[in-house]
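Thanks, everyone. Please look at the screen, and we will walk through the contacts one by one.

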Amino acid sequence: MLRILGKASSINVRKVLWTCREIGLPYQREDWGTGFASTRTAEFLAMNPNGLVPVIEDEAGILWESNTICRYLAARHGRTDLLPASPRGRALVETWMDWQATDLNSAWRYAFLALVRRDPGFADQAQIEASARSWNAMIGILEGRLAATGGLRDRGGLHARRHGAGPFGEPLAGDADAAAGLPRRHGLC
Amino acid sequence: MITVWGRKNSVNVMKVLWLLEELGLDHRRIDAGGAFGRTRDADYLAMNPNATVPTLVMPNGFTLWESNTILRYLCRTQPGGNALYPEAAEARADVERWMDWQLAVLGEPMRVIFWTFVRTPEAERDLAAAARARDSAERLWRMVEARLGETGFIAGGFSIADIVLGCFVHRWFALPVARPDMPVLRGWYERLLHRPAYRAHVAQPLS
């Protein structure tokens with residue numbers, strides 16, 4: 001049976017759990033990560049040298065990186081409704097997965113760790129506000145996409161829920177507004 | 001003809017230009033981003049609402065953004081692409097995890113170091129932040145060092161995982177930071193330097 005290593009509260013573990021449920025794939029999940037079994041142990045690092053959750057193990061071996069895991073599971077189980085077979089359809093799904101891993105993730109992390117997790121390392125008010133602004137700009141881009149397509153075919157739903165539940169202000173309305181609010185993103189170097 | 005929007009000193013544009021040359025695909029490039037602007041113009045946002053570079057436009061008009069997604073799309077659709085992006089689910093996932101790892105893990109500390117020493121005036125540099133980022137980057141390049149020791153390339157033979165990480169390893173060796181000896185990583189970098197497309201598009205002075 002598929003083995004999933006990672007605590008269920010991790011947003012990246014949740015992507016994998018949700019994908020498994022959509023596919024109808026049975027799994028066994030083990031609690032690893034902050035507050036549970038340490039991912040810094042030699043046992044865990046031998047599976048994932050990053051020391052991050054989630055990790056999966058199936059008959060083919062070990063895999064890490066949550067978006068890669070979701071694509072792998074959908075491909076192995078022929079779920080072309082979740083991950084289209086055509087290069088074009090597939091690329092349009094992957095764009096938004098990559099966007100989550102980079103721009104969206106960079107935007108939201110500071111505000112979330114400060115305001116929800118109350119992490120004392122994330123207490124700078126200016127940075128909280130900058131993060132919330134960026135996050136709203138990114139959610140605005142998502143809003144524009146959803147308005148155009150009626151759905152992303154993606155797992156952004158997890159993220160939208162986290163945004164909607166937080167004290168971060170209302171998302172912007174559409175593409176143009178979102179672009180106007182975009183911070184300069186040095187990640188584009 | 002294929003069109004690539006994006007300035008050539010963007011690490012993400014470099015990935016695409018390198019792959020296009022490896023596949024022998026004619027293309028034109030239009031400067032955008034950074035000092036060139038254009039990415040906030042309405043016509044650009046209609047192609048790429050994220051206002052980033054690169055954006056790829058295929059001859060049939062199909063438009064795509066996110067550099068790693070562009071690499072996978074080109075490999076799936078263009079002659080010779082399969083050799084750089086294996087089809088079997090397990091091998092494909094092995095390539096993809098290192099591509100995702102660049103996005104999610106390696107990219108940020110490398111961004112901080114690069115931005116500090118290349119794009120920030122000396123008087124304004126946050127050297128403490130750069131030092132922390134360097135420490136992170138060293139730990140991450142050690143992961144690559146260990147990985148290369150098993151396989152010679154990032155995932156089996158030369159693949160788009162090498163293209164993605166190869167764009168960053170040039171910066172690692174070119175930036176003015178302390179680097180412990182990592183002979184396997186250095187050997188891989190030197191092998192990449194034998195590739196004309198790498199020298200042309202990636203192994204250039206930093207700017």
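Start with one pair. B:Arg195 and B:Glu22 form a salt bridge, with their closest N and O atoms 2.9 Å apart. By salt bridge I mean a side-chain nitrogen of Lys or Arg within 4 Å of a carboxyl oxygen of Asp or Glu.

A word on the basis. This is a predicted model, where local features need pLDDT of at least 70, side-chain atom pairs count only at pLDDT 80 or more, and totals for chains, interfaces and linings use all residues. Residues are numbered from 1 along each chain as its sequence is written, chains are lettered from A and ligands numbered from 1 in the order in which they are written, and side-chain values use heavy atoms, with hydrogens and water left out.

Now the domains. Chain B has domain 1 (2-83) and domain 2 (89-199), with bounds from an automatic or database domain assignment. Their centres, taken over C-alpha atoms, are 21 Å apart. Domain 1 of chain B brings 16 residues to the contact, and domain 2 of chain B brings 21. Contact here means heavy atoms within 4.5 Å.

How much area is buried between these two domains of chain B? About 1600 Å², with 63% from carbon and sulfur atoms. Buried area is the accessible area (1.4 Å probe) that two parts lose on being put together, summed over both. Across this domain interface of chain B, the rule finds 1 salt bridge.

Next, the two chains. The contact takes 43 residues from chain B and 39 residues from chain A. On the chain B side, B:Arg40, B:Arg76 and B:Arg97 lose the most area to chain A, together 16% of what that side buries. Between the chains, about 3600 Å² is buried, and carbon and sulfur atoms give 57% of that.

How many salt bridges link chain B and chain A? The count is 7. Take A:Arg90 and B:Glu96: their side chains meet in a salt bridge at 3.8 Å, N to O.

Which elements of chain B touch chain A? Those giving two or more residues are α1 (11-22), β4 (63-65), α3 (67-77), α4 (89-119) and α5 (127-151). Helices (H or I, at least four residues) and strands (E, at least two) are DSSP runs, numbered from the N terminus. The largest share of that side, 15 residues, comes from α4(B).

That is the tour. Questions, please.
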